[in-house]
Structures are given as C-alpha cells and as structure tokens.
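Walk through this model with the structure open beside the text.

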Amino acid sequence: MNTNLDSTAVLERQLLLQLGDRLKRLRKTQGLGTVEMAKRVGISRTTLSAVEAGDPAPSIGTYLRVMSALGVAGELALLAGDALQPAPAGSAAARSRRSKPVVQVLVSADESRHQVQDLQSLALHEEAVRLVRADPVLRRTAEDTLDRWLQAGNSRSNGLWLEWRDILRDGTWRKVLGRTRRAQELRQASPLVTVLPEHVRQSVLAQVSSLKKGISLGNASNEVTP
C-alpha cells in the first residue's frame, strides 16, 4: 500500500474547489437557477451541485459543458488548441519576438472565510479514505477508535459518532467528503483521520500552509506569491 501523498494533491484539490466556486458565482450572476442550468447543460441537478462544489467525481467533460453553457469555455479552448504549442523550428513564428501567450492561475485559500480549515479537513479525509479503501485493517482501526469514544460516555458528538459508525460500516464516504454543513460537522468529529501516518498528515499541513500565501501557476511564474 502506498502511503505517500502526491506533493501537488492539495493544490489540485483547491484548484478544483476554486473552479466550482467560480462556476456557481457565474450561474447566479447570469440569473440562472439550478433547474434551468442543469437542463441547459443536459445533466442532473445532483451532478451540477457536484460540479459547483468542486467535486472530483464529475468528468472533465462535464466541467467543460458547464463552462460552455456559462460562456467561459474559451479559456480552456486556448489550452486545448494550438495557441500554446511551440512553433516549428526555423519558422517565422519561432523567430518572432512577440510575447508568448501567458496562462496564469492564482491558487490560494482564504483564511478569513475558513477556507484553509475546510481545505485542510477535506484533504486529510480524502487521503484517509484512499488509505482505508486500500487497507481494510485501517477501517477496523477507525472503528475501534470510534467504539472507545462511544463507550467513554455522553458527549455532544454522540449523534455524529453514531452516524460515523454507519459510514465506516457501509463505506459511504461521500457523506463526509462534501462541502455541506453536515459533512463539515462529521469531519470535525471524525475517527477516520486517526489512521493517517504522521508523514502524510504533515505533508497535507505543509501543502495547505503554502496555499495561504498563494501559488501562481503558469508560464510567467511558478513561484509562491507573497
């Protein structure tokens, strides 16, 4: 079982969250309700909600269809087309002194809106779910931890822990990997992150910390922006 965390996993997750937030804002700015928008794109409202939540489950094609319906697909068309391809050696375009097209995205998490805490919690749980899926022993470890908590006596978290018991038993991970208020509450009372190796936990924390400053992606700069 691979317990190493990709060094860009949290960055990629936040990038998708930002995209979902932007698409949701654009829909509202254009005065479109979820029913009308889903019908226009040809997807269910559930799938639209997943896209606007920055969920990795929908395909890139689904994200593109939503972007197209909102009139912003041209930004990705630039990436997919020839505009950013290097010109053939010796051609006039290759000798041109004109600036190359610049594609830059600033990826960051806003502490003032609790984005950092939410991203950190989500990233830790996504990694824990990945490990538990690969190793059933880790699921039993989380269940044992949960049983100890429940046996310790009354707690305001008892209702959440009872729900966690069903989640661990049934593997209904989507309940805790969403951006709903209930998913956030479940993550705050979670036994799942106790199975994470310390080096994985520290890797997530370090990646989230870098996003507090902001990371600029693109051919103009790949450095962290203060």
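The largest pocket has a volume of about 800 Å³. A pocket here is an open set of points on a 1 Å grid over the protein atoms alone, where a 1.4 Å probe fits and protein lies on both sides within 12 Å along at least five of seven lines. Grid points are joined across faces, edges and corners, and the volume is the space filled by probe spheres set on the points. Lining residues have an atom within 4 Å of a point. There are 28 of them for the largest pocket, and R13, D55, P56, L177 and G178 are the closest to its centre.

This is a predicted model: local features need pLDDT of at least 70, side-chain atom pairs count only at pLDDT 80 or more, and totals for chains, interfaces and linings use all residues. Residues are numbered from 1 along each chain as its sequence is written, and side-chain values use heavy atoms, with hydrogens and water left out.

Which helices each supply at least two residues of the lining? They are α1 (9–29), α3 (45–52) and α7 (115–134). The largest share, seven residues, comes from α1. Helices (H or I, at least four residues) and strands (E, at least two) are DSSP runs, numbered from the N terminus.

D55 sits in the loop between α3 and α4. Is D55 buried or exposed? D55 counts as buried, because its relative accessibility is 14%. Buried means under 20% relative accessible area, exposed over 50%, and partly exposed in between (1.4 Å probe, protein chains only). Leaving aside neighbours within four places in sequence, D55 is in contact (heavy atoms within 4.5 Å) with R13, L16, A50, Y63 and R174. G20 is 35 residues from D55 in sequence, yet their C-alpha atoms are 7.9 Å apart.

Step back to α3. Its buried residues are L48, A50, V51 and E52. They pack against α1, α2 (34–41) and α4 (60–69). Just after α3, G54 takes a positive phi of about 70°.

Next, helix α7, which holds V129. V129 counts as buried, because its relative accessibility is 2%. Not counting residues up to four places away in sequence, V129 touches W173, L177 and L192. L177 is also among the residues closest to the pocket centre. V129 and R139 are ten residues apart in sequence and 9.0 Å apart in space, C-alpha to C-alpha.

Now the aromatics. A search of the whole structure finds one aromatic pair. W149 and W161 form this pair, which is tilted: 5.4 Å centre to centre, with 40° between the planes. W149 lies in helix α8 (residues 136–151) and W161 in helix α9 (residues 158–170), so the pair ties together parts that are twelve residues apart in sequence. Rings of Phe, Tyr and Trp (its six-membered ring) pair if their centres lie within 6.5 Å; planes under 30 degrees apart count as stacked, over 60 as edge-to-face, and the rest as tilted. W149 is partly exposed, at 27% relative accessible area. W161 is buried, at 11%.

Finally, the whole chain. The secondary structure comes to eleven helices and two strands. From the N terminus, the order is α-α-α-α-α-α-β-α-α-α-α-α-β. Of the 226 residues, 32% count as buried. Among contacts between residues at least 6 apart in sequence, 69% join residues at least 24 apart.

How far does confidence extend? The average pLDDT, the predictor's confidence in each residue from 0 to 100, is 80, and 73% of the residues score at least 70. Over residues 98–105 the pLDDT stays under 50, and the model has 20 contacts beyond four places in sequence for them. Residues 219–226 also have a pLDDT below 50, with 19 contacts beyond near neighbours in sequence.
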